[in-house]
Amino acid sequence: MKEVDLVIRGAQVVSPDRIVPAAVAVAGEQIVAVGHDDTMPPAREELRADGLYLLPGAIDSHVHFRDPGYPHKETWKTGSAAAALGGVTTVFEMPNTNPATGTIEALRIKQKAAEASYVDFGIHGLLGDDTIDRLEELLEGGVTSFKAFVGNTFGNLPAPTDGALLEGFETLAPLGIRTVVHAENSSILQRRQKQMQAAGRIDAMAHLAARPAVAEIEAIGRVLTLAEWTGARVHIAHHSAADSLYLLREARARGVDVTAETCPQYLLLNTDHMRTLGGVMRLNPPIREPRHNQPLWNALMDGTLDMIATDHAPHAPEEKTRPNIWECDCGFPGVETQMPLMLTEVNRGRASLMDYVRWSAVNPAKAWGLYGTKGVIAPGAHADIAFVDMSRTGVLSQNKLQSISKISPWNGRAVQGYPVHTLLRGRFVMREGRLVQDMAGWGRSVKSVQRMPTAKPRNTEHYSSAILRTPPGVPETATPVGEIDWSRA
Ligand SMILES: [Zn+2]
């Protein structure tokens, strides 16, 4: 047998339906064998991993690396280093940087910044009123997917109008491209926040009062209506409310291709923590009352929610601790702490490691068209592996975060279960809990391995975007508006 680069022995390999003791052989960037010890080829390096579990590297669909524009909050190098330390091998990065990722020029700047990445990445381009004519161009330029900020958040990008959202979905539906939606109704948020401010409220609870669950319910309902009409694939970001889960179930039952994430903070934190954490906990959508926690867990267990993402949204400590809640920046880091937090819940018996792998790797890989190449430990897949020690205990410390942002609501939280090595395409980017410094730049875009099968729009007879602009692949003609070839529309 031909010599390979690495054989890992003694560990348990985790998939969504089983945990089996198996050796894993890696050649170059790929897994080439998973099986009994005796069947492994000779290797340049043999690694004993007794007592450890091998999980497909986590795929975080929602991170903000703040680069370009806000390098004092985070950079691609520091954010991706945090990911590597957290057992995360692929991230999808959000477009609310400065410049926002809505033009080819801005995309090129981001791609340049991403050259420092320790982990593989996708880039969400911006879907807004100003960018809907550039979606195909951005896709050709390398974005993997889009993000629509239907509710306002850091960066203050204007929410797309409903008309623009519909047109954007009409363009993206036949291409099969999925759009992430920050689903909150911006009109409700703006009016409520003004009322709170006029009443002199500057406390943390006022932020929650300004963003009631109904804002999420309404926005998800609207987005799913437009997705169903156009056939567009959508992904609901940071699902926060128990009350909007039924919309996902009903839309799926009708055949809408919707995926949805929630984050550890919505599962494990609630208003009880707000009194001590205040502005540190400020994020969008807000962390809600205790009654939301368990239904979100149940929704992960029954598949209504597909995955765990983090909304890794770093800021400087002074930007998170201002006395006036409206002046505290929204979000906090999460890409590095997600795995220990969730593994702790597995250790408590709230879910199995197989469930966790489904939420952290399998379902995100499927949503973004990477499954088979990523999200699984099997021959032919990228050798993206999080080596996990389920018995290791510790206390999360914000000062020790790899992220530039050294402020976290998880500070001081006891955890059990840590990633101890992270392998990305056959190379260690984290080993023995330490970043492998010279692997900066090993990460690359997943665009070249992404496969999003095209979807057929459901309402072809109403499919009207061809009136507004020439569909992709059809040459520009000088057909007067009154003589449109409806057979093409
Ligand atoms: Zn976000």
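The model is predicted.

Begin with the fold. The protein contains 15 helices and 19 strands. Its C-alpha atoms fill a box of roughly 70 × 60 × 40 Å along the principal axes.

Now look inside. Of the 489 residues, 61% count as buried. Contacts also reach across the sequence. Take those between residues at least 6 apart: 76% of them join residues at least 24 apart.

Next comes the surface. The accessible surface of the protein comes to about 18,500 Å². Carbon and sulfur atoms account for 51% of that area. As for charge, the protein has 50 positive and 54 negative side chains. The centres of these two sets lie 3 Å apart.

Last, the cysteines. A disulfide is a covalent bond between the sulfur atoms of two cysteines. To count here, two cysteine sulfur atoms must lie within 2.5 Å. How many disulfides does this rule give? The count comes to 0. C263 is in no disulfide, and its nearest cysteine sulfur, that of C330, is 14 Å away. Is C263 buried or exposed? C263 counts as buried because its relative accessibility is 0%. C330 is in no disulfide either. Its nearest cysteine sulfur belongs to C328, 8.4 Å away. At 12% relative accessibility, C330 also counts as buried, because buried means under 20%.

Note on methods: Residues numbered from 1 in each chain as written. Predicted model: local features only at pLDDT ≥ 70, side-chain atom pairs only at ≥ 80, totals over all residues. Heavy atoms only, no water. Helix = DSSP H or I, 4+ residues; strand = E, 2+ residues; numbered from the N terminus. Buried < 20%, exposed > 50% of the residue type's maximum accessible area, 1.4 Å probe, protein only. Contact = heavy atoms within 4.5 Å. Areas by Shrake-Rupley, 256 points an atom, 1.4 Å probe, with all protein chains shown as cover. Lys, Arg positive; Asp, Glu negative; His and termini not counted. Charge placed at Lys NZ, Arg CZ, Asp CG, Glu CD.
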